[in-house]
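Me: I'd like to go through a few residues with you, one question at a time. Could you look at this with me?

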Amino acid sequence: MERQITSKCPWFSIFLWLIRKAGLSSAYILLKFVAVYYLFFSKRANEGLIHFFSKIKLPQPASLSNRFKAFDLFGAISDDKLATYMGAGKKLSFDFDNEQKLHELACRKGALLLGAHLGNWEIADNSFTE
């Protein structure tokens, strides 16, 4: 079941359209250009990445390569989550530790699940509805 998602933001709408009409790989291609944009024109995002990379003691925290990879990876994760939520990410697969146990708990009275990141719940929601 594909969920209907709309947006008033033109850039976001382009990604939605690409995922629906041309597939996730086309969104990844456009994403490379978005990552380059952020790399050269978003001072705040770059300063944040350099600060983070310095804190985790990454060699060459200010390198263009490291920052481009970070922007690209963040965008790819966002595209994957969006495609999964839309139901267009059927080619994506996820491995959950003890997934069978989660399904057993879901069939009973329920359980309290704690996670480290909100995005995990978006993917889990899609998994449990299948």
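Me: Which helix holds phenylalanine 68?
Reply: This is a predicted model, where local features need pLDDT of at least 70, side-chain atom pairs count only at pLDDT 80 or more, and totals for chains, interfaces and linings use all residues. Residues are numbered from 1 along each chain as its sequence is written, and side-chain values use heavy atoms, leaving out hydrogens and water. Helices are DSSP runs of H or I with at least four residues, numbered from the N terminus. On that basis, phenylalanine 68 sits in helix 4.

Me: Is phenylalanine 68 buried, partly exposed or exposed?
Reply: Buried means under 20% relative accessible area and exposed means over 50%, with partly exposed in between (1.4 Å probe, protein chains only). Phenylalanine 68 has 24% relative accessibility, so it counts as partly exposed.

Me: Which side chain of opposite charge is nearest to arginine 67?
Reply: Arginine 67 also lies in helix 4, which spans residues 64-86. Lys and Arg count as positive, Asp and Glu as negative, while His and the chain ends are not counted. A salt bridge needs a side-chain nitrogen of Lys or Arg within 4 Å of a carboxyl oxygen of Asp or Glu. Arginine 67 is buried without a salt bridge, and the nearest side chain of opposite charge, 9.5 Å away, is glutamate 47.

Me: Which backbone oxygen does the side chain of arginine 67 reach?
Reply: The distance is 2.9 Å. The backbone oxygen belongs to alanine 62.

Me: What is the phi of lysine 57?
Reply: Lysine 57 is in the loop between helix 3 (43-55) and helix 4. Although lysine 57 is not a glycine, its phi is positive, at about 60 degrees.

Technical notes:
Helices (H or I, at least four residues) and strands (E, at least two) are DSSP runs, numbered from the N terminus. A polar contact is a pair of N or O atoms within 3.5 Å; within protein, one must be able to donate a hydrogen and the other to accept it, and residues adjacent in sequence count only if both atoms are side-chain atoms.
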